[in-house]
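Dear colleague,

I am handing over the structure below, together with some notes on what turned up in it. Please read them with the structure open beside you.

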Amino acid sequence: MKNRRSVVFNVFLYVFLGIWALFVLFPFYWMILSSLKSYSAYTSEYVPRFFTLHPTFQNYIDAFTTVNLGRYLFNTLIFTVITTLLMIVVIVFAAYGFARLNFRGKNLVFTIFLSMMMIPNELLVITNYVTITNMNLRNSFLGLILPSVSSVFFIYLLKENFEQVPDELYYAAKVDGTSDFKYMWKVMLPICRPTLVTVTILKVIECWNSYIWPRLVTDDPAYYLVSNGIQEIRENGFGRENIPAMMAAVVVISIPLILLFLIFRKKIMSGVSRGGTKG
């Protein structure tokens, strides 16, 4: 009787998850399907069709020839790589300082630091915009990158992970005359590698999808990222009515993140769970 209940429960669970997966994946399917339809075929469908017998890749060709999508991708790659590398350096040193170094007022400083997470992002955007404008860094990669090189949440996540490393390793390293930097580089970072990988991937996704800040500080197409480049494509490229070409551009932009998540999804989950577990 117990085994029968277990089988029924599992069947119900998998059916529910399968239906839910269809709801989640359907927008991606519709995006790809629309990108494979010609403009005339798409506009002639009074009732949407869930398949096409005459797929075309012309929309993908237009995405790179009609508008400067390649330039937007290159700008986004530069922004993402540099921002992520700088952020990793900042949060590693900050998390190590809060986790291992002893200085007066450390707990108070960390509490104030965490309280910044309660400040609405809109207020931070306004402050950053005024600062970057006063420094004459609008329409520059430096203006895009600087406000994004730190993250209170990632520092907290990495600090909690660092604190799980036994203190005995630190004391033994100090007895051997190892510096804090060498201990962090040789011991802490290798042990906490899953969390670092997770933080790196999450930051890459955040940078790739960044929209509000790049939209504010760049009005020169030479510095557009893919997020605000999509708006430029819609307004001055294909036009609002050419949905298949727009979907082709969105597919091209989405592929790197989809592949990144599929490849590293297990590391993301394990890193988050590891960073949130004490003891």
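H6 gives the most to the lining of the largest pocket, contributing six residues, in what is a predicted model. The space in this largest pocket comes to about 990 Å³, and of the 28 residues that line the pocket, the closest to its centre are Asn121, Leu124, Pro147, Ser150 and Glu206. The elements that give two or more residues to this lining are helix H6 (121–134), helix H8 (152–162), helix H11 (193–208) and helix H12 (212–217). Sorted by class, the lining of the largest pocket holds 17 nonpolar, eight polar and three charged residues.

The other part to look at is the packing of H4 against helix H10 (residues 180–191), where the two axes come within 12 Å and cross at roughly 100°, which makes H4 roughly perpendicular to H10. From H4, the residues Val92, Phe93, Tyr96 and Arg100 meet Asp180, Phe181, Tyr183, Met184, Met188 and Leu189 of H10, and the residues of this contact divide into eight nonpolar, no polar and two charged.

Leaving aside residues up to four places away in sequence, Val92 touches Leu158, Phe162, Met184, Leu189 and Leu196. The C-alpha atoms of Val92 and Met135, which are 43 residues apart along the chain, are separated by 27 Å.

With best wishes

Note on methods. Residues are numbered from 1 along each chain as its sequence is written. This is a predicted model: local features need pLDDT of at least 70, side-chain atom pairs count only at pLDDT 80 or more; totals for chains, interfaces and linings use all residues. Side-chain values use heavy atoms; hydrogens and water are left out. Contact means heavy atoms within 4.5 Å. On a 1 Å grid over the protein atoms alone, a cavity is a set of points where a 1.4 Å probe fits but cannot get out, and a pocket is an open set with protein on both sides within 12 Å along at least five of seven lines; lining residues have an atom within 4 Å of a point. Grid points are joined across faces, edges and corners, and a volume is the space filled by probe spheres set on the points. Helices (H or I, at least four residues) and strands (E, at least two) are DSSP runs, numbered from the N terminus. Ala, Val, Leu, Ile, Met, Phe, Trp, Tyr, Cys and Pro count as nonpolar, Asp, Glu, Lys and Arg as charged, and the others, Gly among them, as polar. Axes are lines fitted to C-alpha atoms, for helices over the stretch in contact, and angles run from 0 to 180 degrees between N-to-C directions. Angles under 35 degrees count as roughly parallel, over 145 as roughly antiparallel, 65 to 115 as roughly perpendicular and the rest as oblique.
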